Amino acid sequence: MESNAFQEGLVERLSWLIWLRWLAVIGALLTVLFVRQGLKFNLPGFPLYVIILALFIYNIVFFFLLIRVKKKSLAWVNKIANSQISLDLLCLAALIHFSGGIENPFIFYFIFHMIIASILLSRRHSFLQAAFGVLLFSLVVILEYLGVFPHYCLRGFIISCQYHNPLYLGGVSFVFVSTLFIAVYLATSISNRLRQREKVLEQANEQLRAKDRIKSEYVLHVSHDIKEHLAAIQGCLEPVVAKITGELNPKQLDLIQRAVHRTGKLMFYVKALLEITRIKLSRQIKMEYFSFGATLSEAISGVTGKAQEKNITLHSVLEPSIDKIRGSKEHIQETLTNLLANSVKYTPRNGKISIVVQDKGNRILVAISDNGIGIPQIELPRIFEEFYRASNAKEVERDGTGLGLSIAKQIIEIHHGKIWVESEEGKGSTFHIELPK
Amino acid sequence: METQRKVLIIDDDPDIVEAMKVVLESKKYQVVVAKNGEEGLKQVKLAKPDLVILDVMMETSDKGFDVARQIKSDKNSKEIPIIMLTAIKEKTGLDFKNEAGDEVWLPVDDYCDKPLNPEQLILKVELFLKDK
């Protein structure tokens, strides 16, 4: 689990490195152009452009490697990270050699590679990369000094060439080498600490999830037991109310009807609680392809009766390109019914409810709007919380479970979708659902 | 004279059983009761009911499914309709040993969530017994 999260982070950072390299390619190209054409420095164009081209080409290779390879083992990711940084160092050393060697102030750009290595690699590998950087730098400096490699002087930038001045070479090399190692030391210290903290947080999260599971199992257990007893109570009361056991006097009938009514409400509540707990515990439901249009129609017909009672018009528009989507038909229908029933409940007589479903390529967007009582602005962020009921909703209906929207949210999230609401008190609400196809 | 239809209720909750018994007897059904799955299987053979109303959680949390399978796999009893007392959602929600939704695995004729109100109970029972 931890190493997975760590690995995912590493892959993400590798992509980031590739992105940075595109910038480096552009930066290097512009710098060389400016220095050669603008400042008229006598630098060899051909090798410089070839190096930049090489940088460009291997970045493309890494870009596709990262996309194509689906199964990325930690060792593979590490190898890729190490090779990228080594190649970058090589390129930088080559660029430096062809543009002034030790006299080129860009030698300090080696620091960036050290910081990147410290973020991506282990401490040991970061120091090894630093050593490789120092080796490349020393090779350039020594071979130019010995005359094995030609030296390209940045005349105009410096007064006289320094590549054979031992004191200058010694001084710059000392600062350069110490800077590199100190940079790696500092950066790895920070990134190690961050990694440790990340690990601790991940563990804490895991513990929280485990605790939440235990709590949910407890709730499931308790509500299941309550439901069993409630079912028996309802089962015994109903034949009496239905007068199967004989006639009742009006007072008896009234009291028993009240008891049946309250038991029914409690049953509804316990069932909602059971359902949300089950969904939370399962995190997985049976997915299949089903017709979204047909499901929406069923959901609409489920609330049509109630809407007609209040003379509310229901209007739905479904883009014809929307056909089947993948998910749990039963749960999606329940969510739509739930939202529509809410709209009907909280919209006054003669109101309007509209359902618009748009095709967004690999996703669909559902918007259920009404011109009902709306939700107070301050309460909007809490509306999907379990047991939360908006203050004005309580005025319309005293007993609600406060679970309907949180069940809807759980269902949509299991489908890897999103649900959100826009609302203005007194004007109406729009619930949006985004679902993958 | 029309023979009295026989309904077997297999459920370990005596209160639920009593309530259903009162309702069914008011419609002149003969009611036989078994208070667990094993006893239920014996009663299927002995009493030869026209219909079985079957609870799920009895001796074990999925005993009802076992009982249903056994009734349906016996050639003497496989024609007897079974109404299972569980919500269809619970079928998938609870941690049963097998994957739900399989007709072979769950050979029942109808599901009902507990409690069944009197009208629904009578309606369902009549639906299964009217052709017999």
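Helices here are DSSP runs of H or I with at least four residues, strands are runs of E with at least two, and both are numbered from the N terminus. Before going further, some ground rules: this is a predicted model, where local features need pLDDT of at least 70, side-chain atom pairs count only at pLDDT 80 or more, and totals for chains, interfaces and linings use all residues. Residues are numbered from 1 along each chain as its sequence is written, chains are lettered from A and ligands numbered from 1 in the order in which they are written, and side-chain values use heavy atoms, with hydrogens and water left out.

Nine of the eleven residues of helix 11 of chain A are buried, so the rest of the structure largely encloses it. Buried means under 20% relative accessible area, exposed means over 50%, and partly exposed is in between (1.4 Å probe, protein chains only). Among the buried ones are A:Leu405, A:Ser406, A:Gln410 and A:Ile414. What do the buried residues of helix 11 of chain A pack against? They pack against helix 7 (250–282), helix 9, strand 6 (418–424) and strand 7 (428–436) of chain A.

Take helix 9 from that list. Two packed helices are described by the angle between their axes and the distance between the axes. For helix 9 (residues 329–345) and helix 11 (residues 404–414) of chain A, the axes come within 10 Å and cross at roughly 145°. Axes are lines fitted to C-alpha atoms, for helices over the stretch in contact, and angles run from 0 to 180 degrees between N-to-C directions. On the helix 9 side, the residues that meet helix 11 of chain A include A:His331, A:Ile332 and A:Leu339, while the helix 11 side includes A:Ile407, A:Ala408 and A:Ile411. Contact means heavy atoms within 4.5 Å. The residues of this contact between helix 9 and helix 11 of chain A split into seven nonpolar, five polar and one charged. Ala, Val, Leu, Ile, Met, Phe, Trp, Tyr, Cys and Pro count as nonpolar, Asp, Glu, Lys and Arg as charged, and the others, Gly among them, as polar.

**A buried arginine**

A:Arg21 sits in helix 1 (residues 2–38) of chain A. With 3% relative accessibility, A:Arg21 counts as buried. Leaving out residues up to four places away in sequence, A:Arg21 touches A:Leu55, A:Tyr58, A:Asn59, A:Phe62, A:Gln84 and A:Asp88.

**The cysteines**

How many disulfides does a search of the whole structure find? One, over all chains. The pair is A:Cys153 and A:Cys161, with sulfur atoms 1.8 Å apart; a disulfide is a pair of cysteine sulfur atoms within 2.5 Å.

| Residue | Relative accessible area |
|---|---|
| A:Cys153 | 16% |
| A:Cys161 | 15% |
| A:Cys91 | 10% |
| B:Cys112 | 3% |

**Over to chain B**

Chain B has five helices and five strands, and along the sequence they follow the pattern β-α-β-α-β-α-β-α-β-α. Of its 132 residues, 52% are buried. Among contacts in chain B between residues at least 6 apart in sequence, 68% join residues at least 24 apart. One residue to look up is B:Glu25, found in helix 1 (residues 14–26) of chain B. B:Glu25 is partly exposed, at 37% relative accessible area. The C-alpha atoms of B:Glu25 and B:Val7 are separated by 9.7 Å, and the two residues are 18 residues apart along the chain.
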